Amino acid sequence: MLFLKNAKSFLRAVWSFVRYGDVPLWQGAEREEACLACPELKLTQTGMFCKKCRCPHWPLSDLRTKWRMRDLRCPLNKWKRRKMVRAKFRVNNIRTYTDDPNGLKTIVLHAVYDDGIPENQRFAQATPSGTVEITINNPPASDVFKHGQEFYVDFTPVEKSAE
Ligand code: SF4
């Protein structure tokens, strides 16, 4: 019964992974840190697995893959759980300021709409509208934004602001 329950939640996580992509980098790193310090970690010739999960030793159940799956939990609750909302935005406008010597730019992104791409259809249904406007005073960072480029935007509550 426990195996079936685990298999069901694992399949749900795989589905979510396919639909919505990886967890943010910081979350994967937190999970990795927890597993590397955990006595339930098992290294084999084929990969890195969790003894507690009792998953078959397949590439999909390798911990390095599981760390990337957003809907997966550690069976001992050693992975921090934080609520997060992911949206998908597209760069619609880039304003430059010719009189600014530091290359100041304002980037305007809008939530993706239903353009026939299945992933965008799902995001458009979940977050039908939204605008992000950000002014950046750092050319290497602002150069990442190109007109029409799409971005995942993750909203993660801050547990406690840094002092
Ligand atoms: S998933 Fe949880 S129980 Fe398994 S190795 Fe990682 S921290 Fe340990």
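**Note on the predicted model**

1. Arginine 54 is partly exposed, because 13 other C-beta atoms lie within 10 Å; on this scale a residue is buried with 20 or more such neighbours, exposed with 12 or fewer, and partly exposed in between, the C-beta atoms being placed from the backbone. Arginine 54 has a positive phi of about 60° although it is not a glycine. Its place is the loop between strand E2 (48–50) and H3; helices (H or I, at least four residues) and strands (E, at least two) are DSSP runs numbered from the N terminus.

2. This is a predicted model, in which local features need pLDDT of at least 70 and side-chain atom pairs count only at pLDDT 80 or more, while totals for chains, interfaces and linings use all residues. Residues are numbered from 1 along each chain as its sequence is written.

3. Asparagine 77 is also not a glycine, and has a positive phi of about 55°. Most residues other than glycine have a negative phi. Asparagine 77 belongs to the loop between H3 and strand E3 (85–96) and is exposed, with 9 other C-beta atoms within 10 Å.

4. Gln27, Arg31 and Cys35 are the buried residues of H2. Seen down the axis of H2, they fall within an arc of 70°, so they line one face of the helix; the arc is that of the directions from the helix axis to the C-beta atoms. Strand E1 (41–43) and helix H3 (63–66) are among the elements that cover them. On the other side of H2, Leu25, Trp26, Ala29 and Leu36 are exposed.

5. The residues surrounding the ligand include Cys35, Cys38, Cys50, Cys53 and Cys74, where a residue counts as near if its C-beta atom, placed from the backbone, lies within 6 Å. The shell divides into nine nonpolar, no polar and three charged residues; Ala, Val, Leu, Ile, Met, Phe, Trp, Tyr, Cys and Pro count as nonpolar, Asp, Glu, Lys and Arg as charged, and the others, Gly among them, as polar.

6. Phenylalanine 17 is found in helix H1 (residues 2–20) and counts as partly exposed, with 19 C-beta neighbours inside 10 Å. Leaving aside residues up to four places away in sequence, phenylalanine 17 touches Arg68, Met69 and Arg70, contact meaning C-beta atoms, placed from the backbone, within 7 Å.

Conventions. Two residues are in contact if their C-beta atoms, placed from the backbone, lie within 7 Å.
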